[in-house]
Amino acid sequence: MRLGFKVAMVAVLTLAILIPLSMIRGVIGERQQYRAEAVRKVSAGIGGRQVLGGPVLVVPFEETVEENVTGDDGVARKVLRRKHSQWTFFPETLAIDGMLKPDSRKSGLFVVNVFEWSGQVDARFDAQIPADDGIAQRRIGQPWLSVGIADVIGLRGTTRFTVDGAAVKVAQGIGHADGPGIHARLPVPQAGSRLRLDARVGLRLQGTETFAMMPYAASNDLRVSSSWPHPKFDGKSPQQDIGGKGFRANWQIAAVATNAQRHYLQQPSLLADKGTPPDAVSVSLFDPVNPYTLADRATKYGLLFVLLTFVGFFMFELVKQVRVHPIQYLLVGLAIAIFFLLLVSLSERIDFGLSYLLAALACIGLIGFYLSSVLRSTPRGLGFAAMLGALYAALYGLLLSEDNALVMGAGLLFAILAAIMVATRKVDWYQLSAKVGVPPGSP
């Protein structure tokens, strides 16, 4: 068997292992879909991702407008019609502050992160009601303050809503559109009057995984704190203090730095849509040891593991003149691929770190035992097992150090290549090429 053919065979077998690795990645994707379904089930019971927006002051009115209407005869005529409309006023200042208490719910094999936010919303309004010019015959209706809540299922206890210190009655909905939330009606103002209001809302809100706030005011001071040690912030980056006992985050946002007001005017029911609205600031109860995410990342290194193992076999064939059959290459490659399937199945039931250790020990032990016979030497088999153990340890470090994965991976590959080059720097490849495939002891 010539050297070139052997190299080609190793390359083909390496690519062949991509098939089971791809199938395993498909299994991981399927399990992730099952987990997403578990999140939906939990959300249906306690509330989904929560977005808090408001309060916003809305003043409805009705007026007479003149419109041009073309009749059946094709002649345009001016007609007077009564038109319903509204003025929308955003707060001058908005302060939201609360505590996010983390918890978890289990649905089948899956654990879902949930929370209860207990806090207070303070908003100050200074709204100028337009004067009646007498031409439009305007009639002002009863205004309301609306607070948008993405999933009202999560409301707990009694919501406290006060305006200028006086309690007001809370009603469902945001008052003027098909949107989730609560609102409170106010007395009808006079045309040309000025509404200076201090609104305060105290509430408890349960949800799943993500809590977000909308910066609707001219000046926004948004705060949240929690005992969760691994927050993930989206939207504008906050001032943050993260430690082992939890985190505190604070967003100071001016209206000129966000399009939240414009988006509200375009679609008041935006909070009801799936996903976090644009311009929201949010925090998620991020799990850095998500088994499916880590397993998926691990499979991306699967081909590298197989390739390095096959290169080790190849070096033994060249240097020690030990013949390794293609079937033996393939079996060891499949054993490495099975590691990732074991990892996923175990991590659904026990801690990811322990799952990784057990799956790695099982595969390393099997391969070491098998190679002791294939390489005709127990020390060689144990040496290969030790090499695999070092690779698995390096992979675990890459999985837990996402930010440094690239530099660590590049350094690992460089170290392996350097070791191979140093070990083979005095090898006469032409002489070894002629001996590849020749049984030991042959002339």
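The largest pocket is lined by 37 residues, and those nearest its centre are Arg35, Asp287, Val289, Asn290 and Pro291. A pocket here is found on a 1 Å grid over the protein atoms alone, as an open set of points with protein on both sides within 12 Å along at least five of seven lines; lining residues have an atom within 4 Å of a point. The model is predicted: local features need pLDDT of at least 70 and side-chain atom pairs count only at pLDDT 80 or more, while totals for chains, interfaces and linings use all residues. Residues are numbered from 1 along each chain as its sequence is written, and side-chain values use heavy atoms, with hydrogens and water left out.

The space in this largest pocket is about 1,100 Å³, where a volume is the space filled by probe spheres set on the grid points. At least two lining residues come from each of α2, β4 (110-128), β14 (231-234), β17 (281-285), α4 (291-299) and α8 (378-400). These labels follow DSSP runs numbered from the N terminus: helices are H or I with at least four residues, and strands are E with at least two. By class, the lining holds 16 nonpolar, 8 polar and 13 charged residues. Ala, Val, Leu, Ile, Met, Phe, Trp, Tyr, Cys and Pro count as nonpolar, Asp, Glu, Lys and Arg as charged, and the others, Gly among them, as polar.

Helix α2 leads on to the packing of helices. Two packed helices are described by the angle between their axes and the distance between the axes. Helix α2 (residues 18-46) and helix α6 (residues 326-347) have axes that come within 9 Å and cross at roughly 5 degrees. Axes are lines fitted to C-alpha atoms over the stretch in contact, and angles run from 0 to 180 degrees between N-to-C directions. The two helices are therefore roughly parallel, a term for angles under 35 degrees, whereas angles over 145 count as roughly antiparallel. From α2, the contact (heavy atoms within 4.5 Å) uses Pro20, Leu21, Ile24, Val27, Ile28 and Arg31, and from α6 it uses Leu334, Ala337, Ile338, Phe340, Leu341 and Val344. This contact has 11 nonpolar, no polar and 1 charged residues.

Helix α6 also packs against α4, at an angle of about 175 degrees and with the axes 10 Å apart. Helices α4 and α6 are therefore roughly antiparallel. On the α4 side the contact is made by Pro291, Tyr292, Ala295, Ala298 and Thr299, and on the α6 side by Phe340, Leu343, Val344 and Ser347. These residues divide into 7 nonpolar, 2 polar and no charged. Another partner of α6 is helix α7 (residues 352-374): their axes come within 8 Å and cross at roughly 165 degrees. Helices α6 and α7 are therefore roughly antiparallel as well. Their contact has 20 nonpolar, 3 polar and no charged residues.

A search of the whole structure also finds 2 cavities of 30 Å³ or more. A cavity is a set of grid points where a 1.4 Å probe fits but cannot get out.

Terms used: Angles under 35 degrees count as roughly parallel, over 145 as roughly antiparallel, 65 to 115 as roughly perpendicular and the rest as oblique.
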